[in-house]
Amino acid sequence: MSLVLGPYGEGAETLLHGEFGAYPSKGSRYALSLTQTALHIQRLVPKPETDQRTVVPLAEVVGCHTLRSRAPADRAAYFSVYAYPLKKRKVAVGSGRGRQRAARTFQVDGADDYEKNQAVAEKWAAAIKCLVLGIPISSDTDIAPSLLPRPRRLLLLLNPFGGRGLALQWCQTHVLPMITEADISFNLIQTERPNHARELVKGINLAEWDGIVAISGDGLLYEVLNGLMERPDWEQAIKMPVGILPSGSGNALAGAINCNAG
């Protein structure tokens, strides 16, 4: 059994270890070690002057996808890790902290044929997804995509007039890419009139969804909750997970919820 030493992994068991190329940095090579809490990345080629290592906490990772080159002759497989670490950022007054997308793509090229390389990429992707979702694995686990549950399904309700009419653009730019990277399937519905969301929630089959997310200001969440309460099965319906992604002008309710949760 091998161990990873240092921040985010003092004495931690190594679940997977491998040496891979990087995309698009041709010629670069990295050693990757995966523990229960982090992905450790150490550059091998070109050799750094110091023992530099990047540690990606899995708490910041939303997903991992396997990829294939469009070039038919390319026998390598690829997997991308998508993380959203907290970064300091400048704001109008003072400074703040926000999450900034960080994606790393690695090239699996240790075998002479694509199928073997793809199997390695899928194993790494499955292991990272399991850890992100809280599925217990160890170095003795036969890691495979079959360990993963079915993709979660979200109903997204968006008020296109929210945020001075920029809600849809904000959703397409920020929300949908993150949801896709997290392997979450979704149906996005734009509300067309007052109480549209209320009527939709009253009539849908809730068994088809794992959660409902209001992408708007305060009003749309009010409609969703009232729609759930007006259903004949309201006692069960109100247990449906409901979320809000603020895209209105003030977003006072979302701010209050976030402050209370913190």
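Reader: Where is the place of Asp 183?
Author: Asp 183 is in the loop between helix H3 (167–181) and strand S13 (185–190). Please keep in mind that this is a predicted model.

Reader: Is Asp 183 exposed, partly exposed or buried, and what is the reason?
Author: Asp 183 counts as partly exposed because its relative accessibility is 30%.

Reader: What is phi of Asp 183 near?
Author: Phi of Asp 183 is near 60°, which is a positive value in a residue other than glycine. Most residues other than glycine have a negative phi.

Reader: What about Asn 195, and where is that found?
Author: Asn 195 is found in the loop between S13 and helix H4 (196–203). Asn 195 is not a glycine, yet its phi is positive, at about 70°. With 34% relative accessibility, Asn 195 counts as partly exposed.

Reader: Let us turn to the peptide bonds. Which residue does a cis peptide bond join to Pro 24?
Author: That residue is Tyr 23, and omega of the cis bond is about 5°. Pro 24 is found in the loop between S3 and S4. Pro 46 lies in the loop between S5 and strand S6 (53–57). As background, most peptide bonds are trans.

Reader: Now the chain as a whole. How many helices and strands are there?
Author: The protein chain has 7 helices and 15 strands. Of its 262 residues, 39% are buried. The chain exposes about 15,300 Å², and carbon and sulfur atoms supply 53% of that area.

Reader: What share of contacts join residues at least 24 apart?
Author: Among contacts between residues at least 6 apart in sequence, the share is 54%.

Reader: How many aromatic pairs does the structure hold?
Author: The structure holds 6 aromatic pairs.

Reader: Are Phe 20 and Trp 124 buried or exposed?
Author: Phe 20 and Trp 124 are buried.

Reader: Why is the pair of Tyr 23 and Tyr 78 edge-to-face?
Author: The planes of the two rings stand at 70°, so the pair of Tyr 23 and Tyr 78 is edge-to-face, and the ring centres are 5.8 Å apart. The cut-off for this class is an angle over 60 degrees. This pair also links distant parts of the chain, with Tyr 23 in strand S3 and Tyr 78 in strand S8 (residues 77–83), 55 residues apart. Tyr 23 counts as exposed because its relative accessibility is 54%, whereas Tyr 78 counts as buried at 8%.

Reader: Which residues form one aromatic cluster?
Author: The cluster is formed by Phe 20, Tyr 30, Phe 79, Phe 106 and Trp 124. Arg 104 lies over the face of Tyr 30, at 5.5 Å from the ring centre. Elsewhere, Arg 68 lies over the face of Tyr 114, with a distance of 3.7 Å to the ring centre.

Reader: Which residues touch the most other members in the largest nonpolar core?
Author: They are Leu 32, Leu 34, Leu 39, Phe 79 and Trp 124, in a core of 30 residues. The elements that give two or more residues to this core include S3, S8, strand S11 (102–108) and H1. H1 gives the most, with 9 residues. A second, separate core has 16 residues, including Ala 214 and Leu 221.

Reader: Where is Ser 80 found?
Author: Ser 80 is found in strand S8. Ser 80 is buried, because its relative accessible area is 2%. Its side chain makes a polar contact with the side chain of Thr 105, at 2.6 Å.

Reader: And what does Met 240 touch?
Author: Leaving out residues up to four places away in sequence, Met 240 touches Leu 206, Trp 209, Asp 210, Gly 211 and Ile 212. Met 240 is in the loop between helix H6 (234–237) and strand S15 (242–246), and is buried, with a relative accessible area of 11%.

Definitions and conventions: Residues numbered from 1 in each chain as written. Predicted model: local features only at pLDDT ≥ 70, side-chain atom pairs only at ≥ 80, totals over all residues. Heavy atoms only, no water. Phe/Tyr/Trp six-rings, centres within 6.5 Å; stacked < 30°, edge-to-face > 60°. Buried < 20%, exposed > 50% of the residue type's maximum accessible area, 1.4 Å probe, protein only. Helix = DSSP H or I, 4+ residues; strand = E, 2+ residues; numbered from the N terminus. Lys NZ or Arg CZ within 6 Å of the ring centre and 35° of its normal. Core = buried A, V, L, I, M, F, W, Y, C linked by side-chain atoms within 4.5 Å. Contact = heavy atoms within 4.5 Å. Polar contact = N/O pair within 3.5 Å; in protein donor to acceptor, adjacent residues only side chain to side chain. Areas by Shrake-Rupley, 256 points an atom, 1.4 Å probe, with all protein chains shown as cover.
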